[in-house]
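Let us read a protein model together, one feature at a time.

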Amino acid sequence: MTFAPIPPLRRRTGSVGAEVAAHLERLIIDGALRAGDRLPPERELAAQLNVSRSSLREAMFELESKKLVDRKQGRGSTVAELPRGAAELHGSLADLDTELGYATELRELVEPRIAQLAALRAVESDLLSLHEIIERSTESLGPEESMALDIEFHTLLAHAAQNPLLVTLCTMTTEWTRHTRVLSHRTPLGRRVSVHGHTQILRAVDAADGLAAAAAMEQHLREVREISTPPARGKDSS
């Protein structure tokens, strides 16, 4: 039987179970682990990550509660498929003739609520993952890497809100606004705005301040929109 390869765990200073959960969640979010991938047996996975089986079980319980993995007695653990309700929502919306303006408007409605819920519901593994993204994000990165970290930050924030339908909405708006994101990350200024906005959002999430997190997200999206919108052409412009 073939199991998905699991890269080494980079230890930090938090709870071991939370660190393992954060490590595996990031692998799922960035696509290194895909839906249907079978994870190694607990004894083997604990040895690979150099953690105790009790810490691994704690992490797996958290991932299961977030609907990121399926655990079956006697069959082991696999990376979960998109929840049925979320999949149906995605299917019903995917065929719409979506325009960028509509997608941006939807993002500005949904993402502040995601940030608000994340501030109220985030667990230690969520905070570890979000802080790692901030640590890796600088304006000196290339546009592609900066944009990838931007998407990962917003996706992890949606998972921290612990609502699979919001994760689906976040994923869809990410695809629909990809062109806007490309524009916002093409310059050092855009990348600096991205890092600053994410830092302010995470500060509010750390403080478990839902209203501040929502306000920080609203401000972040306004700033991104401003740097991504081409200047209006005058009436006499050719």
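The dialogue below goes from the overall fold to helix packing and then to single residues.

Q: What kind of model is this, and how are residues numbered?
A: This is a predicted model, in which local features need pLDDT of at least 70, side-chain atom pairs count only at pLDDT 80 or more, and totals for chains, interfaces and linings use all residues. Residues are numbered from 1 along each chain as its sequence is written, and side-chain values use heavy atoms, with hydrogens and water left out.

Q: How many helices and strands does the protein have?
A: Helices (H or I, at least four residues) and strands (E, at least two) are DSSP runs, numbered from the N terminus. Here there are 11 helices and two strands. Along the sequence the pattern reads α-α-α-β-β-α-α-α-α-α-α-α-α.

Q: What share of the residues is buried?
A: Buried means under 20% relative accessible area, exposed over 50%, and partly exposed in between (1.4 Å probe, protein chains only). Of the 238 residues in the protein, 44% are buried.

Q: What percentage of contacts join residues at least 24 apart?
A: Contact means heavy atoms within 4.5 Å. Take the contacts between residues at least 6 apart in sequence: 75% of them join residues at least 24 apart.

Q: How does the reach of helix 6 relate to the expected value?
A: The expected span of a helix is 1.5 Å times one less than its number of residues. Helix 6 covers residues 124–136, which is 13 residues. From first C-alpha to last it reaches 19 Å, close to the 18 Å expected.

Q: What span should helix 10 have?
A: Helix 10 has 19 residues and should span 27 Å. Its end C-alpha atoms are 27 Å apart, which agrees. Just after helix 10, A208 takes a positive phi of about 55°.

Q: Which residues of helix 6 are buried, and what covers them?
A: The buried residues in helix 6 are S125, D126, L128, S129, L130, E132, I133 and I134. Their cover includes helix 1 (16–29), helix 3 (53–65), helix 7 (143–160) and helix 10 (188–206).

Q: Which residues of helix 10 are buried?
A: Among them are G190, R191, V193, S194 and V195. Further along helix 10, H198, I201, L202 and V205 are also buried.

Q: How are two packed helices described?
A: By the angle between their axes and the distance between the axes. Axes are lines fitted to C-alpha atoms, for helices over the stretch in contact, and angles run from 0 to 180 degrees between N-to-C directions. Angles under 35 degrees count as roughly parallel, over 145 as roughly antiparallel, 65 to 115 as roughly perpendicular and the rest as oblique.

Q: At what angle do helix 6 and helix 7 cross?
A: Their axes cross at roughly 165° and come within 10 Å. That makes helix 6 roughly antiparallel to helix 7. A crossing is left-handed if the near helix is turned anticlockwise from the far one by less than a right angle, and right-handed if clockwise. Helix 6 passes helix 7 in a left-handed crossing.

Q: Which residues of helix 6 and helix 7 meet?
A: D126, S129, L130, I133, I134 and R136 in helix 6 meet L149, E152, F153, L156, L157 and A160 in helix 7. By class, this contact has eight nonpolar, one polar and three charged residues. Ala, Val, Leu, Ile, Met, Phe, Trp, Tyr, Cys and Pro count as nonpolar, Asp, Glu, Lys and Arg as charged, and the others, Gly among them, as polar.

Q: How do helix 7 and helix 10 pack?
A: The angle is about 20°, with the axes 11 Å apart. Helix 7 and helix 10 are therefore roughly parallel to each other. Their crossing is left-handed. P143, S146, D150, F153, H154 and L157 in helix 7 meet R191, S194, H198, I201 and V205 in helix 10. That contact has five nonpolar, four polar and two charged residues.

Q: How do helix 1 and helix 7 pack?
A: They pack at about 120°, with axes 11 Å apart. Helix 1 and helix 7 are therefore oblique to each other. The crossing is right-handed. E25, R26 and I29 of helix 1 make the contact with E152, T155, L156 and H159 of helix 7.

Q: Is T155 buried or exposed?
A: T155, found in helix 7, is buried, with a relative accessible area of 13%. Leaving aside neighbours within four places in sequence, T155 is in contact with I29 and C170.

Q: Where is V79 found, and what is it in contact with?
A: V79 is found in strand 2 (residues 76–79). V79 is buried, with a relative accessible area of 3%. Beyond its neighbours within four places in sequence, its contacts include I28, L33, L39, L68 and V69. The C-alpha atoms of V79 and R38 are separated by 6.6 Å, although the two are 41 residues apart along the chain.
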